[in-house]
Amino acid sequence: MKMQQRIALVTGANKGIGFEVVRDLARKGFHVFLAARNEKAGEAAAEKLRAEGVKEDYGEITFLKIDVSKPDSIRRAAEEFSKKSDRLDTLVNNAGILLDDDKDVLTITPEIFETTLRTNTLGALLVSQAFVPFLKKSDAPRIVNVSSGGGQLADGADGWAPAYCISKTALNGVTVQLVAALPKFAVNSVCPGWVRTDMGGSNATRSIAEGASGIVWLAADAPQSETGKFWRDRKVIPW
Ligand SMILES: NC(=O)c1ccc[n+]([C@@H]2O[C@H](COP(=O)([O-])OP(=O)(O)OC[C@H]3O[C@@H](n4cnc5c(N)ncnc54)[C@H](OP(=O)(O)O)[C@@H]3O)[C@@H](O)[C@H]2O)c1
């Protein structure tokens with residue numbers, strides 16, 4: 001009997017870590033919905049992976065427009081998704097912004113703070129809310145929230161990028177709240193490490209493939225019983 005093809009959705013996937021997560025999941029045979037806020041960039045990214053996939057036998061890749069900072073865009077995306085699938089197995093909340101790596105907590109503006117939290121924290125929550133009905137149709141539903149070591153409270157903070165770090169601390173709060181609401185789901189936070197993307201910069205210690213690896217493991221291969229944890233490199237790290 002042929003196994004049912006698994007279906008994944010990755011936000012912020014036109015470039016960087018999200019793009020690589022789509023590629024890795026497609027390699028594993030998933031039908032992946034590559035979500036991006038910019039239609040042109042998203043379509044181009046999906047087309048690039050589809051072209052690769054012809055040679056390498058990837059799963060299907062479908063572009064889906066989502067701006068995670070806009071509730072209307074999320075609602076429309078869920079409607080669009082429902083025309084193509086009634087089930088989702090894995091949601092990767094990857095989209096994120098870093099606007100304040102040169103700012104400090106005493107002078108951060110409300111605009112930067114609100115924009116950062118709207119995207120990095122509320123965006124992940126609202127996308128989860130909108131796609132939970134599809135995830136509930138899965139035998140093994142998973143939500144992976146791409147967080148950051150910068151959001152850890154265990155060792156205090158070093159003062160770098162306060163709005164970004166607070167948004168990731170709060171995203172970890174979203175993770176544990178979703179765990180409480182969705183006991184049959186695997187919901188986890190993951191830090192990719194410091195990765196050479198537009199966000200991470202060229203001095204970062206990890207390649208994009210290395211950064212994507214732990215996310216893909218949680219999205220596809222980690223035991224379904226693992227939920228409510230914060231991970232890096234397939235190991236649990238403190239909140
Ligand atoms: N790189 C690192 O060292 C590092 C470390 C820890 C955690 N992370 C996390 O890893 C994730 C991916 O980061 P990255 O390094 O790959 O960054 P990146 O290269 O800057 O990519 C970020 C992605 O998020 C998208 N995005 C931003 N705002 C969005 C919105 N409102 N709606 C939809 N998509 C949006 C961007 O789209 P546009 O192209 O349209 O802007 C882009 O596709 C983020 O959550 C980040 O916080 C990264």
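Keep in mind that the model is predicted.

**The largest pocket**
- Its lining consists of 42 residues, and those closest to the centre are Gly-96, Ile-97, Tyr-164, Thr-197 and Met-199.
- Three helices each give at least two residues to this lining: H1 (16-27), H4 (110-135) and H5 (162-181).
- Sorted by class, the lining holds 18 polar, 16 nonpolar and eight charged residues.

**The ligand and its surroundings**
- Around the ligand are 28 residues, with Asn-14, Arg-37, Asn-94, Tyr-164 and Thr-197 coming nearest.
- This shell is made up of twelve polar, eleven nonpolar and five charged residues.
- Arg-37 places a polar side-chain atom 2.7 Å from an oxygen atom of the ligand.
- Asp-67 has a polar side-chain atom 2.8 Å from a nitrogen atom of the ligand.
- At Gly-12, a backbone N or O atom lies 3.1 Å from an oxygen atom of the ligand.
- On its own the ligand has 900 Å² of accessible area, and the protein covers 92% of that.
- H1 and H5 are the elements that provide two or more residues of the shell around the ligand.

**The second largest pocket**
- You will find about 330 Å³ of space in the second largest pocket.
- Its lining has 17 residues, and Gly-150, Gln-152, Gly-156, Ala-157 and Asp-158 lie nearest the centre.
- Eight of the lining residues are nonpolar, seven are polar and two are charged.

Methods
Residues numbered from 1 in each chain as written. Predicted model: local features only at pLDDT ≥ 70, side-chain atom pairs only at ≥ 80, totals over all residues. Heavy atoms only, no water. 1 Å grid on protein atoms, 1.4 Å probe; cavity = no way out; pocket = protein on both sides within 12 Å on 5 of 7 lines; lining within 4 Å. Helix = DSSP H or I, 4+ residues; strand = E, 2+ residues; numbered from the N terminus. Nonpolar A, V, L, I, M, F, W, Y, C, P; charged D, E, K, R; others polar. Points joined across faces, edges and corners; volume = space filled by probe spheres on them. Near = heavy atom within 4 Å. Polar contact = N/O pair within 3.5 Å; in protein donor to acceptor, adjacent residues only side chain to side chain. Areas by Shrake-Rupley, 256 points an atom, 1.4 Å probe, with all protein chains shown as cover.
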